[in-house]
Every structure is written in structure tokens, then in C-alpha cells.
Amino acid sequence: MPPSGHLIIQVYDGVILVKITKDRVLEAAVISAISAELMGLLDRHPNPSIVLDMADVAYLSSAMIGKLIALYKAVIAHKGRLAIGGVRESLVPLFKITQIDRLIKFYPEARAAIMQFKKTA
């Protein structure tokens, strides 16, 4: 699948950093493209350690929350790890209400998640 243009993907010592570059993740087509690209990482990286950098995301739909939960389940099925970093304060209530913060570890910034994954590799 060709890149969506909504993500920047880099690998640091086995940790996959995925930066979501879109500030509004609301439209179905954008959500579908991001989700497909994220799921595609699982085919290319066995036992993935994925950090989602959401620092640029200002608005997020509940549909994207569902895709993040599906990604989490797929990562676990591949015996991998998933963390989210850099979530804006305005989005924290959304993650708490949906209780996704009970599934996925959140970090103040993506770099902290990368460092934690490197320590526990």
C-alpha cells in the first residue's frame, strides 16, 4: 500500500516511530488510510514495538479510537508493543472516557516511549 501522506514512519533501534502529521483525524477516508498504513506495519515488522506520536493531532474522531483499539489487539497478537506519546491535553478526556488509556501506555512525548521500549527490549 502506498504511503497515505498522513504518517511519517521512522525506525530507531528496532522501535517504530509513527508520527501522525494530520491535525484533524475526522474524515472516514483519512481514518481508513491511516489505519491501513498502521496495520501494514505488522506485515513488515515481526514483534513490533510501535510508538504513535500524536503531538500534531488536535482533533480525533471516535472512529479513529476504534482503529487504535484494533491496532492494539493486532500488535498484541503479533507479540508486539504499542505506546502513544505527545497527546494534547484537549484529547486526554477522550482517551479516558473510552478507557483506551487502560489498554495502551501513554507517555508525555514520543521520545519517552522510545526510550522505555529500548530499555525493555
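Trainee: Why does lysine 19 count as partly exposed?

Mentor: The class rests on cut-offs: buried means under 20% relative accessible area, exposed means over 50%, and partly exposed is what lies in between, with a 1.4 Å probe and protein chains only. Lysine 19 has 23% relative accessibility, so it counts as partly exposed. This is a predicted model, in which local features need pLDDT of at least 70 and side-chain atom pairs count only at pLDDT 80 or more, while totals for chains, interfaces and linings use all residues. Residues are numbered from 1 along each chain as its sequence is written, and side-chain values use heavy atoms, with hydrogens and water left out.

Trainee: What makes the meeting of lysine 19 and aspartate 56 a salt bridge?

Mentor: In general, side chains of opposite charge can pair when their charged atoms come close. The term is used when a side-chain nitrogen of Lys or Arg is within 4 Å of a carboxyl oxygen of Asp or Glu. For lysine 19 and aspartate 56 the N to O distance is 3.3 Å, so the pair meets the rule. The two residues are 37 residues apart, lysine 19 being in strand S2 and aspartate 56 in the loop between S4 and S5, and the pair thus links distant parts of the chain. Aspartate 56, at 29% relative accessibility, counts as partly exposed.

Trainee: How many salt bridges are there by this rule, and which residue forms one with aspartate 101?

Mentor: The count comes to five. The partner of aspartate 101 is lysine 96, with the closest N and O atoms 3.4 Å apart. In another pair, arginine 111 and glutamate 109 meet at 3.2 Å, N to O; arginine 111, at 56%, counts as exposed, whereas glutamate 109, at 36%, counts as partly exposed. Salt bridges that share partners also join Lys19, Asp53 and Asp56 into one network.

Trainee: How do you know that strand S6 is largely enclosed by the rest of the structure?

Mentor: Strands are DSSP runs of E with at least two residues, helices are runs of H or I with at least four, and both are numbered from the N terminus. In strand S6, residues 81–85, four of the five residues are buried, so the strand is largely enclosed.

Trainee: What makes S4 and S6 a pair of strands?

Mentor: Two strands pair if DSSP finds at least two bridges between them. Five bridges join strand S4 (residues 49–53) to S6, and the two run parallel, with isoleucine 50 opposite leucine 82 and valine 51 opposite alanine 83. S4 is also joined to S2 by five bridges, again in parallel, while S6 pairs with strand S7 (residues 105–107) in the parallel sense over three bridges. S4 is itself mostly covered, as five of its five residues are buried: Ser49, Val51 and Asp53 point one way, and Ile50 and Leu52 the other way.

Trainee: How do you know on which side of helix H4 the buried residues lie?

Mentor: In H4 (residues 110–119), Ala110, Ala113, Ile114 and Phe117 are buried. They cover an arc of only 100° around the axis, which puts them on the same side of H4; that arc is taken from the directions from the helix axis to the C-beta atoms. Arg111 and Lys119, on the other side, are exposed.

Trainee: What makes a set of residues a nonpolar core?

Mentor: The set holds buried Ala, Val, Leu, Ile, Met, Phe, Trp, Tyr and Cys residues joined through side-chain atoms within 4.5 Å. The largest has 30 residues, and those with the most contacts inside it are Leu38, Ile50, Leu52, Met54, Leu60 and Phe95. Helix H2 (62–77) is one of the elements that give two or more residues to this core, and H2 gives the most, with seven. Apart from it lies another core of nine residues, including Ala83, Ala113, Ile114 and Phe117.

Trainee: Why does serine 61 count as buried?

Mentor: Serine 61 lies in the loop between strand S5 (59–60) and H2. Its relative accessibility is 14%, so it falls under the 20% cut-off and counts as buried. Contact means heavy atoms within 4.5 Å, and, leaving aside its neighbours within four places in sequence, serine 61 is in contact with Val25, Leu26 and Ile31.
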